[in-house]
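Dear colleague,

I am handing over the structure below, together with a short account of what was found in it. Please read the notes alongside the coordinates.

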Amino acid sequence: MSWLKRLRKPSTSGATPTKRSKSSLAGAGRHPSARSVSYSSSPLLASKTPPWRSRLLVALVGVAFAGLLGRALYVQVIGTQFYQKQGEARFVHQVELPASRGRINDRSGQVLAASVAVPSFWGIPKEMDADPAKRQALAKILGWSQAEMERKLDPNSRFVWLRRQADEQVAAQIKALGLKGVFQDREYKRKYPEGEAAAHVVGFTNIEERGQEGIELAFQKELQGRDGSRSVVRDRLGRVVEDIGERVPAANGRDIDLSIDSKVQFFAYQRIRDAVAEHKAKAGSVVVLDVKTGEVLALANYPSYNPGERKNLSGAQLRNRALTDIFEPGSTMKPFVAALALETGRVTPDTPIQTAPGSMMITGSRISDAHPHGVLTVAEVIQKSSNVGTVKMAMNMPARELHEMYTAIGFGQRPQIDFPGAITGKLRPYKSWRPVEQATMSYGYGMSASLLQLARAYTVFGRNGEVIPITMMRQDANAYPAGIKVFSPKTAHDVRMMLQMAAAPGGTAPLAQVSGYSVGGKSGTAHKQEGKGYAGNKYRSWFVGLAPISNPRVIVAVMVDEPSNGVYYGGSVAGPVFSQVVSQSLRLLNVPTDLEVKPQIVASQNKAKPQPQAVEESF
């Protein structure tokens with residue numbers, strides 16, 4: 001019975017299942033891991049957020065969006081040109097389309113200088129073939145040492161010139177290697193067909209085809225033209241990916257037509273080269289002028305150089321001595337003094353002048369002739385090249401008249417010619433002349449001039465008293481330039497007759513005679529200046545003359561510097577060069593002969609014909 005009582009006794013552990021609380025029933029229906037949260041029990045969640053925080057956050061976000069919008073507006077609208085340029089600078093490049101440099105032609109159209117297309121090779125070292133054998137072969141072709149090859153083909157380099165303006169043989173060898181990363185471009189290289197003969201006239205350019213000497217320099221602007229261009233897109237390695245925009249074509253340079261006759265130029269160069277070698281001289285120059293037009297037909301110097309191959313050049317080779325070297329012109333000045341004395345009526349060609357005993361004193365200085373001559377006419381003073389006779393004429397006229405005459409014919413002034421390097425020479429103001437200086441200037445000491453100045457001065461005799469401008473540009477054959485009148489036509493004619501006597505037997509330069517043509521001229525010989533004095537055994541020899549005497553067409557001036565083979569007088573050293581150049585020039589210009597050409601029979605024994613003896617000139 002005890003067990004029955006226990007069943008009936010109420011449970012003390014809590015309410016019966018039928019009387020559970022609602023909360024217990026509700027909890028029983030949830031996930032076992034869920035927990036009830038009381039928001040009022042968390043101080044962080046229970047506190048209210050200040051309104052300014054949310055507003056600040058919204059404001060910051062708004063400002064950020066406004067900044068982005070402003071930046072986008074600036075980049076896309078306001079600063080668009082700047083950013084486009086920056087982008088183009090990194091990828092878009094202007095590729096130059098080189099203009100072809102103008103040609104330089106002689107008076108007949110023969111080319112003296114022209115540009116020809118040649119290959120140039122460049123590479124991108126980081127892309128080049130790494131095969132050591134091929135690299136060594138390339139270095140051998142280009143003449144590189146091992147160190148030079150490693151330096152130029154540095155993998156960190158983005159560009160290197162391998163060979164600019166390569167010749168055909170080198171270009172073929174480079175192509176045959178088939179190296180990856182080696183590219184070819186086209187450039188222009190200057191060619192000079194006349195080589196050494198016309199080097200000092202034409203000059204040369206550098207590898208960029210910019211004139212450095214001669215006509216190439218004087219007419220750089222006209223010859224170079226205007227380069228064109230095209231826009232291309234390059235990748236990061238510098239390779240052209242795409243052409244964009246319009247191409248601007250190149251405007252080729254203008255051709256320059258010179259007054260130079262290439263045949264006369266070549267012959268003059270040969271003759272002065274041979275004379276320098278024959279007389280063991282230091283150098284020599286020749287200038288040939290057309291008396292009618294003032295055109296320079298030839299201007300040659302020796303030593304010279306090949307304008308296309310300029311390795312190991314010396315200053316002596318580059319010097320255009322006919323324009324840049326000045327010297328005391330010596331006895332070649334005597335005809336001008338005689339002309340002034342004739343023009344002013346002080347003398348006639350037959351006026352006698354006492355030159356005995358062959359010397360005279362001027363304020364303590366002695367003026368001497370090479371040989372005593374006694375009484376000479378004015379014409380004979382020029383023929384025999386008497387210093388004493390010339391000084392006596394000069395001292396009878398004011399120094400101002402002599403100075404004005406020298407100035408009028410171009411001494412002491414820079415030649416007005418489109419050519420670099422022409423210099424002034426020296427002619428001091430007459431007010432500073434002492435009597436002895438007036439005397440020595442009458443026979444070419446105490447003043448200086450270039451060979452070109454001297455040649456131009458002699459145009460006063462060839463153009464009937466007018467000295468004319470000279471030019472390197474081809475002129476119209478019928479357009480004779482106006483000159484400056486210095487002497488009357490009669491005076492010019494009388495002096496031409498004197499010059500003819502000087503170049504004939506009995507004068508100082510019979511070796512200047514030309515078969516079939518009458519010639520006249522004046523030789524000169526002078527000690528070379530060294531420091532403040534004169535070298536006792538160093539001379540300059542020259543001859544200046546014109547032909548034909550009856551109707552002058554050319555003037556030829558010849559100078560030989562330091563002949564050292566035993567002969568140094570101008571008539572003997574420079575006179576034969578004058579003869580040869582005049583003979584060839586007149587025939588090339590189709591000038592008719594004005595003297596009868598006598599046939600000469602050569603003896604079977606081959607006996608040498610005796611040469612006419614020159615009178616030693618005073619200097």
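In what follows, contact means that heavy atoms lie within 4.5 Å. Please keep in mind that this is a predicted model.

I begin with Glu295, which sits in the loop between β11 and β12. Although it is a loop residue, Glu295 has a relative accessible area of 1%, and because buried means under 20%, it counts as buried. Once its neighbours within four places in sequence are set aside, Glu295 is in contact with Arg107, Ser259, Val288, Leu289, Asp290, Thr471, Met473, Arg474 and Gln475. With one of these residues, Arg107, the side chain of Glu295 also makes a polar contact of 3.1 Å.

The two strands on either side of that loop form a hairpin with five residues between them, and Gly294, in the turn, has a positive phi of about 80°. Strands β11 (residues 283–290) and β12 run antiparallel and are joined by six bridges; Val288, which is among the contacts of Glu295, has Ala298 in β12 as its bridge partner. Strand β12 (residues 296–302) is itself mostly covered, with six of its seven residues buried.

A polar atom of the Ser145 side chain lies 3.2 Å from the backbone nitrogen of Glu148.

With best regards

Note on methods:
Residues numbered from 1 in each chain as written. Predicted model: local features only at pLDDT ≥ 70, side-chain atom pairs only at ≥ 80, totals over all residues. Heavy atoms only, no water. Polar contact = N/O pair within 3.5 Å; in protein donor to acceptor, adjacent residues only side chain to side chain. Buried < 20%, exposed > 50% of the residue type's maximum accessible area, 1.4 Å probe, protein only. Helix = DSSP H or I, 4+ residues; strand = E, 2+ residues; numbered from the N terminus. Pairing = 2+ DSSP bridges.
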